[in-house]
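Student: I have a structure to go through and some questions about it. Can we start with a residue on the outside and work from there?

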Amino acid sequence: VAAGMAVAAEGPSAEDFVYGEEDFVPQAAGWGGEPSRFDRALLSGWDDRMERGLFRYRLGPLPTRVLPGSLGLVVQLNAERGTQRRPPQPMLSLRQPFDPTAFNFTRLRPGELLLRLRGPAGADVLLAAINASPLERGHVLLMPEPGRRLPQALTAPVLRAGLEAVLLSAHPGFRVGFNGLGAGASVNHLHLHGLYLDRPLPVETAPARPLCPPRRLGLLLHHVPAPAFLFYAAGPDELEGVARDVCRAAERLTDTGLAYNVLATRGDPPEGPGAGAGRGLRVLLWARRPSFGAKATAAFTVALCELAGHLPLPAAPVFRDITEEEALRAIRQHLLPEPELLRLGGDLAQLLAA
């Protein structure tokens, strides 16, 4: 079995993708612009695996609409994911150890692996593999070597490599995120999600309240589906510091009994649109009360996509009838009251200023 796992992890279908800072796209090409070398490699491999039948279902165009309201929430109907995805693993604690007897990514078939991303020193090498139950075209898992058997707790080198993947894409809607234990993670084996979505999201532009100058930490409190702590990298030389700060903050949340989600997306400086100097990388950290086990009455799971304003929905009636008010009520029931969030922000600011 161990030998088979090694073959799966190092399978011939994972092509080396070696990159340097010259491959980063400082400003995305715009909606419908030319893809980057990374985009072409990732999407061509993804399409090939779809044609070869390696996914749980064939993904066609998804019904999509923007909900009326101030936030422009994007809802998509993806009924097959709702019925055909692998059932999530039972999560019991925020520090649940890796379980080799449960499904994990050492069991991926070689054909499911796409790329081995090898970048500048300091970031982990990441394997890009298809998500067999995709949300959108190009939905991938990004993970360190599966044989390391790391549980689903974010590390700075893995996050830095994920941030670099965002900069490798010329698509303004390529985003990388993380669902923690008790926050929507379905597999307790360290991985990020990479996802293309051809829509802007409110978290890219909302102005932040500064918490820890100079711009190391801010709070998105208004004009977003869910309040979030904001970290910002103006360029590639700031990725290592941002990844380190996000993971220090996430570890503090775990220490205090809170779960978390993370999303990295291109976006405006913390001050919001018109602040000058172009767009950089926004990294959002959501603190939330842990949720263990599926809620049978929930219309949708609340994880990183939903917190950012992208709602994949499993049922046509919900897709047809849901309102912005109903969506926000479902999302925000998982979050902290504003006074508690502000106290937590002060604690994180002290932590990062030390």
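Student: Is H223 buried or exposed?
Tutor: H223 is exposed, because its relative accessible area is 57%, and exposed means over 50%. Keep in mind that this is a predicted model.

Student: Where is H223 found?
Tutor: H223 sits in the loop between β10 (217-220) and β11 (228-233).

Student: What is the phi of H223?
Tutor: The phi of H223 is positive, about 65 degrees, although H223 is not a glycine. Most residues other than glycine have a negative phi.

Student: And what about phi at R149?
Tutor: R149 has a positive phi too, near 55 degrees, and R149 is a residue other than glycine. The loop between β6 (140-143) and α4 (156-168) holds R149.

Student: How accessible is R149?
Tutor: R149 has 35% relative accessibility, so it counts as partly exposed.

Student: Another arginine, then. Where is R95?
Tutor: R95 is in the loop between α3 (79-84) and β4. With a relative accessible area of 48%, R95 is partly exposed.

Student: What does R95 touch?
Tutor: Leaving aside neighbours within four places in sequence, R95 is in contact with L181, E251, T254 and D255. With D255 there is a polar contact between the two side chains, at 2.5 Å.

Student: How far is R95 from M143?
Tutor: From C-alpha to C-alpha, R95 and M143 are 19 Å apart in space, and they are 48 residues apart in sequence.

Student: Next, R116. Is R116 buried or exposed?
Tutor: R116 is buried, because its relative accessible area is 9% and buried means under 20%. R116 belongs to strand β4 (residues 113-118).

Student: What does the side chain of R116 make a polar contact with?
Tutor: The partner is the side chain of D16, at 3.3 Å. F17 can be compared by position: R116 and F17 are 99 residues apart in sequence, but 5.7 Å apart in space, C-alpha to C-alpha.

Student: Changing topic to histidines. Where is H191?
Tutor: H191 is in the loop between β7 (174-179) and β8 (192-196). H191 has a relative accessible area of 4%, so it is buried.

Student: What does the side chain of H191 reach?
Tutor: The side chain of H191 reaches the backbone oxygen of H189, at 2.6 Å. Beyond four places in sequence, H191 has contacts with F105, L141, L142, M143, Q152 and F178.

Student: Which residues touch the most other members in the largest nonpolar core?
Tutor: In that core of 67 residues, they are F38, L42, L142, L163, F229, F231 and L285. Apart from it lies another core, of 35 residues, with L263, L284, W286 and L313 among them.

Student: What does L163 touch?
Tutor: Not counting residues up to four places away in sequence, L163 touches L239, V242, A243, A264, L281 and V283.

Student: Last topic. What is the volume of the second largest pocket?
Tutor: The volume of the second largest pocket is about 340 Å³.

Student: Which residues lie nearest its centre?
Tutor: R137, H171, Y196, L197 and D198 lie nearest the centre, out of 18 lining residues. By class, the lining of this pocket has 6 nonpolar, 6 polar and 6 charged residues.

Technical notes
Residues are numbered from 1 along each chain as its sequence is written. This is a predicted model: local features need pLDDT of at least 70, side-chain atom pairs count only at pLDDT 80 or more; totals for chains, interfaces and linings use all residues. Side-chain values use heavy atoms; hydrogens and water are left out. Helices (H or I, at least four residues) and strands (E, at least two) are DSSP runs, numbered from the N terminus. Buried means under 20% relative accessible area, exposed over 50%, partly exposed in between (1.4 Å probe, protein chains only). A polar contact is a pair of N or O atoms within 3.5 Å; within protein, one must be able to donate a hydrogen and the other to accept it, and residues adjacent in sequence count only if both atoms are side-chain atoms. Contact means heavy atoms within 4.5 Å. A nonpolar core is a set of buried Ala, Val, Leu, Ile, Met, Phe, Trp, Tyr and Cys residues joined through side-chain atoms within 4.5 Å. On a 1 Å grid over the protein atoms alone, a cavity is a set of points where a 1.4 Å probe fits but cannot get out, and a pocket is an open set with protein on both sides within 12 Å along at least five of seven lines; lining residues have an atom within 4 Å of a point. Grid points are joined across faces, edges and corners, and a volume is the space filled by probe spheres set on the points. Ala, Val, Leu, Ile, Met, Phe, Trp, Tyr, Cys and Pro count as nonpolar, Asp, Glu, Lys and Arg as charged, and the others, Gly among them, as polar.
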